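Open the structure in your viewer and keep the selection tool at hand. The tour goes from stop to stop.

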Amino acid sequence: MSATIDVWNPNLGEQLTQVPDASAADVDAAVAAARAAQREWWAQTPREREQVLRRIGDLIDRDRDRIAEIECENTGKTLANALGDIDFAVEAFHFYAGHPARAYGQQVPTADPDLLCYTRLEPVGVVGAITAWNYPIALTAVKVAPALAAGCGVVIKPAPETPLSTIELAALAREAGLPAGCLSVVTGGPATGAALSGHPDIDKVSFTGSTATGRAVLAALAANGRPATLELGGKSPNIVFADIDLEASLDAILMGALANSGQECCAGARVLVQREAFEEFRDLAGARIESLRVGAGTDAASEIGPLISARQRERVSGFVERALGEGARIWARGEAPEEGFFYPPTLLDRVGDEMEVWREEVFGPVLALDSFDSDEEALRKANATRYGLAAGVWTADIGRAIRFVNELEAGTVWVNSYLEQGIGAPFGGGKDSGFGRELGELGPLEFSEVKTAYVRGARGPS
Ligand code: NAD
């Protein structure tokens with residue numbers, strides 16, 4: 001029997017199923033199939049491709065409840081979060097269904113009336129997509145929908161922890177009429193990912209994961225001279241001024257760091273509070289964190305689910321232990337069930353900007369608090385990070401808000417909100433958080449190339 005990997009249910013800490021651990025030969029076969037199918041897909045009319053993309057969205061929507069159940073069991077997400085991710089996936093296919101008919105080039109004026117010059121958009125070819133465990137179906141859709149809309153074939157490798165909803169989505173794409181092989185799933189871990197990103201017949205990789213792995217992917221691509229879009233980690237600041245209604249904003253600020261159990265690339269886990277509001281904020285946040293209902297994602301009452309794995313729980317626990325060793329203090333902590341991979345939501349204060357927990361991505365339900373006295377100090381502390389993914393600012397002063405939008409070094413800045421994301425708006429980071437943008441009108445352009453044509457004889461017979 002060929003090799004397999006175990007897939008777990010983090011709510012219970014039990015094995016759920018097994019999936020194949022795809023070998024380099026399996027990746028070869030998937031890439032070859034995608035190459036052949038991509039030609040067939042691109043040969044279809046824009047209207048035909050639009051209909052298939054729209055149908056994929058419709059079928060995900062038809063199976064919404066069934067997929068939500070799979071996603072909750074496999075990730076520990078709360079039902080509301082899982083349904084939100086599935087609706088996002090539906091919307092992505094519907095949004096990008098309009099792209100094939102809209103994708104046009106440009107006529108470029110020439111000095112010679114007999115010479116026509118124009119550009120047209122063409123697919124890059126076969127895309128390797130590699131995703132992280134935290135938003136399995138949403139990340140799949142964010143890559144697959146625009147890549148198919150651009151006319152590409154896709155081989156996707158989901159995170160080894162959470163392959164199930166990606167497998168479902170690929171089956172629905174076939175049911176919707178996508179040519180066989182045009183979207184293939186290869187399940188497996190780092191070796192499968194490396195075989196895909198280093199494959200000589202891949203034209204582009206779209207990667208979501210950690211900064212360290214992103215660099216390994218980039219090195220593999222460099223050897224073949226192929227490009228990447230990298231959506232990597234973050235350590236985002238969330239800046240709270242004293243002029244807001246703290247109680248009214250509290251949940252959105254806390255959930256900016258704790259949603260998805262903190263396994264959130266944009267987690268606003270460095271909360272900077274203006275000094276005069278610091279103690280009041282810490283008291284309110286502490287009380288709310290202690291009252292959070294932590295439980296299985298499959299239980300509708302849960303506000304926070306488990307972490308993805310026992311390994312991730314150990315990793316989070318290690319960050320907190322080391323922070324305490326460096327002088328941080330646990331100001332408040334929630335309750336967490338014994339069974340399953342739970343970690344209690346934790347609020348740390350006495351955190352200095354040199355500490356590991358302030359600088360590195362924890363990817364768990366851990367919030368660190370610090371204070372500031374002036375706008376300049378808030379900006380300096382917020383930007384003192386190697387990451388550049390996201391940031392938040394909470395203030396009633398609109399002029400200050402816009403100054404912060406301009407000066408925060410982040411791909412997305414939220415004002416008086418956090419973690420909003422629309423399909424139509426680009427998403428991505430800078431610095432060690434990666435490069436390139438997903439979503440929005442730019443989405444399919446990341447999977448397209450411009451061809452320039454010069455046509456002599458354009459004037460026709462005189
Ligand atoms: P990870 O880097 O360990 O793994 C990501 C994916 O890469 C997985 O599918 C994994 O199997 C694969 N992989 C591992 N080694 C590989 C290699 N050498 N070559 C090719 N592929 C390889 O990340 P993770 O722990 O699964 O996810 C958490 C990280 O993802 C966090 O850093 C988080 O911030 C980041 N993330 C970023 C975004 C974003 O949009 N910026 C979104 C979600 C998660």
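This is a predicted model: local features need pLDDT of at least 70, side-chain atom pairs count only at pLDDT 80 or more; totals for chains, interfaces and linings use all residues.

Residues are numbered from 1 along each chain as its sequence is written, and side-chain values use heavy atoms, with hydrogens and water left out.

Select R66 and E168 to begin. They form a salt bridge (a side-chain nitrogen of Lys or Arg within 4 Å of a carboxyl oxygen of Asp or Glu), with the closest N and O atoms 2.8 Å apart. R66 sits in helix α3 (residues 64-75) and E168 in helix α7 (residues 164-175), 102 residues apart. Helices are DSSP runs of H or I with at least four residues, strands are runs of E with at least two, and both are numbered from the N terminus.

Next, select D349 and R329, another salt bridge, at 2.8 Å between the closest N and O atoms. D349 belongs to strand β13 (residues 346-349) and R329 to strand β12 (residues 329-333). D349 is buried at 1% relative accessible area, whereas R329 is partly exposed at 25%. Buried means under 20%, exposed over 50%, and partly exposed in between (1.4 Å probe, protein chains only).

Now select C265 and C266. The structure has 0 disulfides, a disulfide being a pair of cysteine sulfur atoms within 2.5 Å. For C265 the nearest cysteine sulfur, that of C266, is 4.1 Å away.

Finish at D283 in helix α11, which is partly exposed at 44% relative accessibility.
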